[in-house]
Amino acid sequence: MTRTARLILLLACMLCLLSLPATAEPISLADVIETVLERHPDMAISRLQPDFSKADAEGLSGQLDPTVSASIGGSEEKLPLISNFAPIGTTAAQLKGNVTKPLAGGGSLSVDIDYNRGFLAFNSPFASQLANPNPSFRNQIDLSYRHPLLRGAGRPSYHKLLEAAQADEQAAITRIRTVQDKLALQALELYYGIASDTTNLTLGNKTVARAKRLLEDQRMRERFGLIEEADRLQAEALLATRKMDRSRVHATLKRNRAALNRLMLQEPGASLSVDTEEAIPAASPNLDAAMQTARDSRPELKELESRLQAAEARILEVQDREQTQLDIVATLGSRGVASNYGSGFVRGGSLNDRFASIELELSDTLGNRAVKAEIRKALLARSQIELEKEQVLELIKDDISRALTAFSTELITYQSAQTRVVAEKRKFEAEMRRYREGRSSTATLIQFEGELLAAEVDMALSRIILLLSHRQLQWSEGILLHELGIATASNDLIKTQK
């Protein structure tokens, strides 16, 4: 062969290799779950919930924002003459301003400014001279402090509701983890469903190949007159049955593969194979240890704890509103009067002329049925959360009990299935040798082949169920994502906030 011919042959071989379809690399359970959590729209929706609670907390912080008001205006008043010394009219221009700052401790501080110009009109020139100064410029500045002694002391409407909003935000963050766990469970079941189907399909291919070899052997023996036609027909029927069983398994595999692809937001027909070489777990925890792990790890319980904190804070806030309102109000103000604009403004900043007062204000609502109804609702909300927590604990205990029972019983079944496969394989091989020596019938050989197939299927499915039950136990304990090395979105949000 010339050098050119060899080069052409080499290029042709390379093109043939490139044209071969690429087999999909097996994907691990961790990769599947990570893909689902990255792409599934439920995760995007759940991540919005903490922002709503955070907005509520920011809105409550607005209770401490100062309020500012101002007004400017003028007026004219005409009065009937009742005395020559009384004014018959008043013309005034006024500028008012107020700044009130609520304090976190419950009180409030306010500053009021009132600057006005007034002119009195008289019928009598003598009376007009007595009215001095006229026009007059008055400046009044008052500093007031209001402190609640009963209702509103410590401002629970701010602190307790802010505490409740922060607990709601924490519950919303934890709820993200709950969504993650639900999606992980769906992916987990589909993943091991595909693993089971793949194992069944592999066994199906083996049984089809075994049935083909038997049929070829039967045809050869029929040509030499060693068996009758009925024996060959039995082998053909066996091959047809094995192919039909394989087709059913392939259809199931295709459905589960499409479902998992769609869960990962991929095309239903995308190539997908799972890793079935996972190691068999050796042991499992007892019920008490598993329940303690679940109490520390399950997101549903953490969410309920946050909701319970929020309910407690709301109870304290609404109970405060049931109290009698008793406030102490202290005011200190300056007074200034002058005949010109500048002097009136300056004298308002001096305490030579001043006003001071202190008073107690008392108010209450008789019966207060509206607030009592709110207290009742808040107490019921707390009781409901406590009952939900008990309910969730029982459901978790049910999940863990089922998973523990499935794992322990399936471990025994798997070990027994391994022993059975070895025994059935030896039995079938011995029967095959007897059949080739003419000391056994086709029906007996087909029966033994079916028993070997059943043993192999039982062992393969037992192994998949054992792996699935182990992962379901981890999920029930709330540690599946941690065991797979998957970072949770709720933890990421908590770290971001810190």
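## The largest cavity

In this predicted model, helix α5 gives the most to the lining of the largest cavity, with 3 residues. The elements that give two or more residues to that lining are α5, α10 (369-436) and α11, and the lining as a whole is made up of Arg 210, Ala 211, Leu 214, Leu 238, Phe 428, Met 432, Leu 445 and Glu 449. By class, these lining residues divide into 6 nonpolar, no polar and 2 charged.

The volume of the largest cavity is about 40 Å³, and the count of cavities of 30 Å³ or more comes to 1. Rolling a probe the size of a water molecule over the atoms shows where empty space is left.

In soluble globular proteins, nonpolar side chains tend to be buried together. The largest nonpolar core here has 35 residues, and the members that touch the most others in it are Val 32, Ile 33, Tyr 192 and Leu 260. Two or more residues come from each of α2 (29-39), α5 (156-223), α6 (229-263), α11 (442-477) and α12 (480-483), with α5 giving the most to this core, at 12 residues.

Which residues does Tyr 192 touch, when those up to four places away in sequence are not counted? They are Leu 29, Glu 278, Ile 464, Leu 467, Leu 468 and Arg 471.

## Antiparallel strands

Strand β1 (residues 67-78) and strand β2 (residues 89-102) run antiparallel and are joined by 12 bridges, and within this pairing Thr 67 stands opposite Thr 100 in β2. Strand β2 is also joined to strand β3 (residues 108-121), again in antiparallel fashion, by 14 bridges, and Leu 109 in β3 is the bridge partner of Lys 101.

The hairpin of β2 and β3 has 5 residues between the strands, and in this hairpin Gly 106 takes a positive phi near 120°.

## Positive phi in two loops

Most residues other than glycine have a negative phi, and most peptide bonds are trans. Against that background, Arg 155 has a positive phi near 50°, and its place is in the loop between β4 (136-148) and α5. Is Arg 155 buried or exposed? Arg 155 counts as buried because its relative accessibility is 13%, and the cut-off for burial is under 20%.

Asn 368, which is likewise a residue other than glycine, has a positive phi near 50° and is found in the loop between β6 (354-363) and α10. At 10% relative accessibility, Asn 368 counts as buried.

When its neighbours within four places in sequence are left aside, Gln 474 is in contact with Ile 479, Leu 480 and Glu 483.

Gln 474 and Asp 168 are 306 residues apart along the chain, and their C-alpha atoms are separated by 27 Å.

Methods
Residues numbered from 1 in each chain as written. Predicted model: local features only at pLDDT ≥ 70, side-chain atom pairs only at ≥ 80, totals over all residues. Heavy atoms only, no water. Core = buried A, V, L, I, M, F, W, Y, C linked by side-chain atoms within 4.5 Å. Buried < 20%, exposed > 50% of the residue type's maximum accessible area, 1.4 Å probe, protein only. Helix = DSSP H or I, 4+ residues; strand = E, 2+ residues; numbered from the N terminus. Contact = heavy atoms within 4.5 Å. 1 Å grid on protein atoms, 1.4 Å probe; cavity = no way out; pocket = protein on both sides within 12 Å on 5 of 7 lines; lining within 4 Å. Points joined across faces, edges and corners; volume = space filled by probe spheres on them. Nonpolar A, V, L, I, M, F, W, Y, C, P; charged D, E, K, R; others polar. Pairing = 2+ DSSP bridges.
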